[in-house]
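This briefing is for a reader who has not seen the structure before. Please look over the sequence and the model, then read the points below by topic.

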Amino acid sequence: MTGIAKGLDTQEGRSPRRSRSYKAFLCFASVALFVLSMLGSVFAEQPGKTLIVVAHPDDEYYCASTVYKMAVQLGGTVDELIITDGEGGYRYSTLAAAYYKKPLTSEAVGRKELPAIRRREAINAGKVLGIRTHYFLDQIDQHFTTDERDGAKYGWKSDLISSRLQTLMRKERYRYVFALLPRATSHGYHQAATALAGSAIRALPIALRPVLLGFDTNSARFVPSPTELFRHGIRTTGLHLTELPNLVFAMPCRTRSLSIG
Ligand SMILES: [Zn+2]
């Protein structure tokens, strides 16, 4: 039995000498893995500084996997600017009402409570995704619409949004701006946020202009909204698939680079 036990490759059956070699191997392997991972992060290409521009506090889930990879795994800098306070989400708050134990689907309660709740959730999500700074512009989130002019109609201060965007882009010299691909069928506030980001980029000197990337989870052909916010025209200049599936919804996330004007 002893001879058989010596031949077993288990912790209990290992001889003291073999056990010592095994531990030494494990120790060497962990040190080697640590050194390799450190070398990997040192020599991995640093991602460009990035600003996410979205309408709602949670729209960053469209680019969650890319942001996680850039900010957490590659040590890049990603900030997020959120235009509305998210109060219009009361219509979709059935689960949140149960979670927070508040009648959030009531318009009066939802509009009052959701801005603080969604702001906190965005900040907490940002901690996981590695987002450095959030900029909240607290514009009104009236309702769902596919009309990209609706935000301005209900009081979005477009001049303030444009000026904040331009100031940030000038100060931080972002290489990329992440936005949502402005499909004509998508939420009008998503379209408007991307249009405002595009206009702010266009107003910068060429040397300061970041690349605008539109995130999307729809494989259908891209048909942009042909209306006035995109008066300079918008076209896609490339299609890039992110390397990771979207972490939140486990769907492949497509990214298109956009050219406005
Ligand atoms: Zn949204």
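In this predicted model, strand β1 (residues 50-54) pairs with strand β2 in the parallel sense, and five bridges join the two. The points below start with these strands, then turn to a pair of helices and to the chain as a whole.

- Across the pairing, the residue opposite Glu80 of β2 is Ile52.
- Strand β2 covers residues 78-84, and six of its seven residues are buried, so the rest of the structure largely encloses this strand.

**Helices α7 and α8**
- Helix α7 spans residues 158-172 and helix α8 spans residues 188-202.
- Their axes come within 9 Å and cross at roughly 55°, which makes α7 oblique to α8.
- The crossing of α7 past α8 is right-handed.
- On the α7 side, the contact involves Ser158, Ile161, Ser162, Leu165, Gln166 and Met169.
- On the α8 side, Leu196, Ala197, Ser199 and Ala200 take part.
- Sorted by class, this contact between α7 and α8 holds six nonpolar and four polar residues, with no charged residues.

**The whole chain**
- The protein chain has eight helices and seven strands.
- It contains 261 residues, of which 34% count as buried.
- Of the contacts between residues at least 6 apart in sequence, 74% link residues at least 24 apart.

Methods:
Residues are numbered from 1 along each chain as its sequence is written. This is a predicted model: local features need pLDDT of at least 70, side-chain atom pairs count only at pLDDT 80 or more; totals for chains, interfaces and linings use all residues. Axes are lines fitted to C-alpha atoms, for helices over the stretch in contact, and angles run from 0 to 180 degrees between N-to-C directions. Helices (H or I, at least four residues) and strands (E, at least two) are DSSP runs, numbered from the N terminus. Angles under 35 degrees count as roughly parallel, over 145 as roughly antiparallel, 65 to 115 as roughly perpendicular and the rest as oblique. A crossing is left-handed if the near helix is turned anticlockwise from the far one by less than a right angle, and right-handed if clockwise. Two residues are in contact if their C-beta atoms, placed from the backbone, lie within 7 Å. Ala, Val, Leu, Ile, Met, Phe, Trp, Tyr, Cys and Pro count as nonpolar, Asp, Glu, Lys and Arg as charged, and the others, Gly among them, as polar. A residue is buried if 20 or more other C-beta atoms lie within 10 Å of its own, exposed if 12 or fewer, and partly exposed in between; C-beta atoms are placed from the backbone. Two strands pair if DSSP finds at least two bridges between them.
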